[in-house]
Amino acid sequence: MDAVTICLLAFLALGILIYSGMHISTALFVTAFVGLWWDYGNLELVVRLLGIAATGAISSYEYGVIPLFVLMGYLVLKAGIGADTYAIANRVVGWAPGGLGHATVVANALFAAVTGVSIASAVLFTKISVPEMVSRGYSKRFAVGVVAGSSMLGMLIPPSVLMVFFAILTNTSIGSLFIAGIVPGILLSLGFVVVILFMALRHPERFGRGPDVQAAANEPSSEGNLLWRAIPVALLIALVLGGIYEGFFTPTEAGAVGAAGALIVALVRRVLSPRSLWDVLLDTAYTTASLVILIISASMFSRFIATAGLTVELTEWLHASQLGVTGLILCYVALILVLGAVLDSISIMLIVVPIFSVVFKSYGVDLVWIGIITTLAIEIGLLTPPFGMAAFVIKATMPQDDPVTAKDVFVGAAPFALIALAVIGLLIAFPTIATGLVK
Amino acid sequence: MNTPRKHDTQTGSRLPGPASPTRYFGYLVNVSAVIGTALIAVVMFVLNADIVSRALFSRALPGVREIVTASLALIVFLQLSSALRKGRMVRTDGIVPVLKSRAPVAARVLETVQLLIGVGMFTVLSYATWRLFLSAYASNDQFGVPGGFSFAKWPVQAVVFFGCVMMALQYLTLAVGTAMGRGAEPRDQEGEGGLH
């Protein structure tokens, strides 16, 4: 069998294993193991390669970024900063037509800048903003759709776990990727705001009694109180993103500073008992362990792909096919979107990126740019049936007496998925949107 | 995410027999998880102390990079078996929920086979990391630069090996449990894996 056949079989096997519910890391391990054994025919050598991958993959200071940003994310949640962002956003943009929708988008954008995972945002804002929208007469489909749609911002706006994965898999700078995500994130938020405004003006009946400024003004939070809630958010964003952008901190240090900052906020607000702090640390440790073992197993898998020669063949074939960079990127995005319908974001990243990053490198393409496109394309998969994660998380988070179907979420989120596609188009046409800020 | 998590040691009580080996194994998993967890706080503290020291005294603390790098290996491999036990390994739901309701026996067989493959893989990794430990011990490789701040690599390699062995055993425990129908591997709430 030639290299391409072997690799295609390996991908097929991997897909089946992941889909049958096997732990993704084990699926990657076993496919890589069997594949490498086939390639080399020397078990001793394969075992040695696996051992080196297991320890080599973690002998890097950069990986420290994972536990620290995960910790920061959990502490930020505990400190109630998510609710703060919603209160602030509501005050700033809540007056516009479709105001609570705008507030959800802006709050997600702010929250995304202090946390690295978008499922966390989906859970949080299903609890905070969906009930409020529904009680003010917004269509429920819109309410869950906007939460699902804006949860995409969680990964696009740094810090972002997906970007860390991309950076590690491709040997790109984590800091550069983070910086490159800022403008596309703002652009995506603006796109969401515009589409909500458009919907609210066209179908005011789906947006309840219109802007409810009165109720917002009657909320117990006075101006001073709101300012008090805004300061921690502003400080954390300035410390983490500003620190990385200005080069004061490495991403790892920025994670440590952000985690310490969130810890101080939580302590000052007296919302963290020693016990719940320990639980947060425990959650962080579990998440870290499961993420890093994924990276280790993915590095073995990409080792196998490289050994089998698929990347070389694919690169030669693509160069021979006269497909330009734009055509290649379009195919790449299409592939991710198709995979997004059946696999979760991490699996897609682990399968696609190791191969294509080599191809892109051979074209001399800036991988930071590709990283942002990849992240956004993968996030769209969260919103597409049949396996869009965001839909199921929102469905599971909604109260029993007020259920939504996954279809409600998919339909409600469709306009936001289209906006995200449009932003990908802009990114492909104008790479500076992503790379402009990177020094 | 705000639901209180059961304390680690309580999980031990779910295990059979007051003094059975699985129970002691459970304690071992928990103790190593506690150390791994505490190390995260240490890493955060060390990095912040370094930044403060640089800002106030224009002086970097020695060995921060090396401590962070080594700690990450320790955190991961000390915590891994506990993460597996708590159902925190990342997986896609795929066909399992449907299969469970329509063909429970087939689902059990499938899960058992999957867990046994996990046993196999981590047995291989245990062997591989054991060899690496031996060579690190023999050559006395160091983190950091010779003459500067440095410490031996072999204790970290030993923990990596230990973590792999614990994983193989934990997979085996789960496989046996699933095969005997003693409640399958716990599945965590969606989103607790917190990846997206």
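Where in chain A is the place of A:Asn171? A:Asn171 sits in the loop between H10 and helix H11 (174-202) of chain A. Its phi is near 65°, a positive value in a residue other than glycine. A:Asn171 counts as exposed, at 74% relative accessibility. This is a predicted model, and every value here is computed from it.

**Backbone points to check**

B:Asn140 lies in the loop between H5 and strand E1 (142-144) of chain B. At 40% relative accessibility, B:Asn140 is partly exposed.

A cis peptide bond joins A:Pro158 and A:Pro159, with omega about -10°. A:Pro159 belongs to the loop between helix H9 (153-156) and helix H10 (161-170) of chain A.

**The contact between the chains**

Chain A contributes 73 residues to the contact and chain B contributes 64 residues. Together they bury about 6100 Å², and 71% of that is on carbon and sulfur atoms. Three salt bridges are counted between chain B and chain A. A:Glu44 and B:Arg131 meet through their side chains in a salt bridge, at 2.5 Å from N to O.

Which helices of chain B each supply at least two residues of the side that touches chain A? They are helix H2 (21-57), helix H3 (64-85), helix H5 (104-139) and helix H6 (154-179). By class, that side of chain B has 34 nonpolar, 17 polar and 13 charged residues.

**Chain B in outline**

Chain B holds six helices and two strands. From the N terminus on, its elements run α-α-α-α-α-β-β-α. Of the 196 residues in chain B, 48% are buried. Among contacts in chain B with a separation of 6 or more, 70% are between residues 24 or more positions apart.

B:Ser81, in helix H3 of chain B, is one buried residue, at 1% relative accessibility. Leaving aside neighbours within four places in sequence, B:Ser81 is in contact with B:Val29, B:Met166, B:Met167 and B:Gln170.

**An enclosed helix in chain A**

Helix H2 of chain A (residues 24-40) has 17 residues. From first C-alpha to last it reaches 24 Å, close to the 24 Å expected at 1.5 Å a residue. Is H2(A) largely enclosed or largely open? Twelve of its 17 residues are buried, so H2(A) is largely enclosed by the rest of the structure. Among the buried residues are A:Ile24, A:Leu28, A:Phe29, A:Phe33 and A:Leu36.

The cover comes from both chains. It includes helix H1 (3-19), helix H3 (43-56), helix H15 (274-308) and helix H18 (345-362) of chain A, together with H5 and H6 of chain B. A:Gly41 follows H2(A), with a positive phi near 65°.

Helix H18 of chain A also holds A:Ser357. A:Ser357 is buried, with a relative accessible area of 6%. Not counting residues up to four places away in sequence, A:Ser357 touches A:Thr170 and A:Leu367.

**Salt bridges**

Over all chains the structure holds ten salt bridges. Three pairs within a chain are listed here.

| Pair | N to O distance |
|---|---|
| A:Asp84 and A:Arg269 | 2.8 Å |
| B:Asp50 and B:Arg54 | 3.3 Å |
| B:Arg91 and B:Glu111 | 3.8 Å |

A:Asp84 and A:Arg269 form a salt bridge. A:Asp84 lies in helix H5 (residues 81-93) of chain A and A:Arg269 in the loop between helix H14 (251-268) and H15, so the pair ties together parts 185 residues apart in sequence. A:Asp84 is buried, at 3% relative accessible area, whereas A:Arg269 is partly exposed at 23%. A:Asp84, A:Arg229 and A:Arg269 are linked in a network of salt bridges.

B:Asp50 and B:Arg54 are both in helix H2 of chain B, four residues apart, about one turn of the helix. B:Asp50 is buried at 4%, while B:Arg54 is partly exposed at 29%.

B:Arg91 and B:Glu111 pair in a salt bridge. Their link joins distant parts of the chain: B:Arg91 is in the loop between H3 and helix H4 (96-102), and B:Glu111 is in helix H5, 20 residues apart. B:Arg91 counts as buried at 18%, and B:Glu111 is buried at 3%.

Terms used: Residues numbered from 1 in each chain as written. Chains lettered and ligands numbered in written order. Predicted model: local features only at pLDDT ≥ 70, side-chain atom pairs only at ≥ 80, totals over all residues. Heavy atoms only, no water. Contact = heavy atoms within 4.5 Å. Buried area = accessible area lost by both parts, 1.4 Å probe. Salt bridge = Lys/Arg side-chain N within 4 Å of Asp/Glu carboxyl O. Nonpolar A, V, L, I, M, F, W, Y, C, P; charged D, E, K, R; others polar. Buried < 20%, exposed > 50% of the residue type's maximum accessible area, 1.4 Å probe, protein only. Expected span 1.5 Å × (residues − 1).
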